[in-house]
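Hi,

Here is the structure I promised to send over. Have a look at it first, and then read on for my notes on what turned up.

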Amino acid sequence: MAPSTALFTDHYELTMLQAALRSGAAHRRSVFELFPRRLPEGRRYGVVAGVGRALDAMEAFRFDDETLAALGGVVDGPTLDWLASYRFSGDVWGYAEGEAYFPYSPLMIVESSFAEAVLLETLLLSIYNHDSAVASAASRMTLAAGDRPCIEMGSRRTHEDAAVAAARAAYVAGFTASSNLAARQRYGVPTTGTSAHSFTLLHDTEADAFRAQVASLGTGTTLLVDTYDVAEAVRQAVEVAGPGLGAVRLDSGDLAVLATEVRAQLDALGATSTRIIVTSDLDEYAIAALAAAPVDGYGVGTELVTGSGHPTCGFVYKLVARASDAGEMVSVAKRSVDKASIGGRKYALRRLTSNGVAEAEVIGIGQRPDDDGDDRELLVPLVRDGEVVGRESLEAARARHLASRAELPVAVQQMSRGEPAIPTVHE
């Protein structure tokens, strides 16, 4: 059994539970909604990620003896007794992994008792906010890269567990591989990698380092050529590996200028099929600026795992409907300035033109909005009667992301700041 995730939460979730159990309101039928009030400033769309991780975490949300022992002094005895038998028994609907989202998109709808649903707030938000931030940045990077592959290389720039989640989220949004082996083990994310500057510095000469790497990994390997003098390193790399050398990597300097010079040198040496991979603090803007350069792939680290300036999506988890004393469901909403929520159980459609281009995010309040025949349903079942029904492969999420992004207006291809690509309409 997976380790319990029940303590990945905030103290006040449990004190709310205790008070609600005492008042009798804990068992009221409730609807919670996880949604964004806005996109990060200047972004035209976001990408949903972490759905599969959230479903795994929900299954492991159990209060075993060790977990309960850690809650001594946090809540009273009757609350501990209730937690000991906690099992989520409700229903969850949500946007599928890889889907694009916009302001007020109802990314997850949780329907159960107040007690069962409120405890999941922090856990779900922490997963969705992190993974969707990485996926949203990754999507912009792969969009800017076009047909050129992007490799995730950010493990050393974030927390060790966040690095694994980031690799997974980046893969959902189109990255082809990661350097993180835990992501390979847990989620099947393809991994790749060859050597760093320390390997070159270990050897007496650069040529010795190249010979050692080629002898071990073959001529199809990628040789790092900017430890000393780039031009001399490229010459030695082709001399050692031959014209069939797989790739060279540039990790410093003016990458556009260097790539142009290296491409000319490789071609002159007969290594016309040798690829050029660039790394070094890349983001979507740097990748877009290299579009005209003879670059064949990108390795991205820091900016990817930190959401390229937006390390969280600002998602919130709010109660939007609950049962009245009479048992009827009533809408509830927070009205605070700048932090308002919209009451009522939501339904969502992506409104499309007859040509399949998205033109609006249509949110129905309390009932499904009218489908004009071209619209696409966005909410899918994730959990039914407490059982996970929405688990899917990462390959399915990758395919969905490409399809979802492809139906957005052409404006999303611009890296400049702008308004959301489509408006959100409530009906």
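To start with a question: is aspartate 338 buried or exposed? Please keep in mind that this is a predicted model. Aspartate 338 counts as exposed, because its relative accessibility is 62% and the cut-off for exposed is over 50%. You will find aspartate 338 in the loop between strand 13 (329–331) and strand 14 (346–352). Setting aside neighbours within four places in sequence, aspartate 338 is in contact with Arg37 and Arg38. Arginine 37 is 301 residues away along the chain, yet its C-alpha atom and that of aspartate 338 are separated by 9.0 Å.

Now the overall picture. The protein chain has 15 helices and 19 strands, and its C-alpha trace spans about 85 × 55 × 35 Å along the principal axes. Of the 427 residues, 52% are buried. Among contacts between residues at least 6 apart in sequence, 74% join residues at least 24 apart. The accessible surface comes to about 18400 Å², with 51% of it belonging to carbon and sulfur atoms.

Charges next. There are 39 positive and 56 negative side chains, and the centres of the two sets lie 3 Å apart. One negative surface patch is formed by Glu359, Asp370, Asp371, Asp372 and Asp374. Within it, aspartate 370 lies in the loop between strand 15 (358–365) and strand 16 (376–377) and is exposed, with a relative accessible area of 62%.

A search of the whole structure finds 25 salt bridges. Here are three of them:

- Aspartate 325 and arginine 28 meet at 2.4 Å, N to O. Aspartate 325 is in the loop between strand 12 (315–323) and strand 13, and arginine 28 is in the loop between helix 1 (11–23) and strand 1 (29–36), so the pair ties together parts that are 297 residues apart in sequence. Aspartate 325 is exposed at 74% relative accessible area, whereas arginine 28 is partly exposed at 27%.
- Arginine 376 and glutamate 407 meet at 2.6 Å, N to O. This pair links strand 16 with the loop between helix 15 (394–406) and strand 19 (424–426), 31 residues apart. Arginine 376 counts as partly exposed at 25% relative accessibility, and glutamate 407 as buried at 11%.
- Arginine 249 and aspartate 251 meet at 3.7 Å, N to O. Arginine 249 counts as buried at 13%, while aspartate 251 is partly exposed at 22%.

Finally, Arg376 and Glu407 belong to a salt-bridge network that also includes Glu99, Arg350 and Glu361.

Best wishes

Note on methods
Residues numbered from 1 in each chain as written. Predicted model: local features only at pLDDT ≥ 70, side-chain atom pairs only at ≥ 80, totals over all residues. Heavy atoms only, no water. Patch = residues over 30% accessible without salt bridge, like charges linked within 9 Å, V, L, I, M, F, W, Y side chains within 5 Å. Areas by Shrake-Rupley, 256 points an atom, 1.4 Å probe, with all protein chains shown as cover. Salt bridge = Lys/Arg side-chain N within 4 Å of Asp/Glu carboxyl O. Lys, Arg positive; Asp, Glu negative; His and termini not counted. Charge placed at Lys NZ, Arg CZ, Asp CG, Glu CD. Helix = DSSP H or I, 4+ residues; strand = E, 2+ residues; numbered from the N terminus. Buried < 20%, exposed > 50% of the residue type's maximum accessible area, 1.4 Å probe, protein only. Contact = heavy atoms within 4.5 Å.
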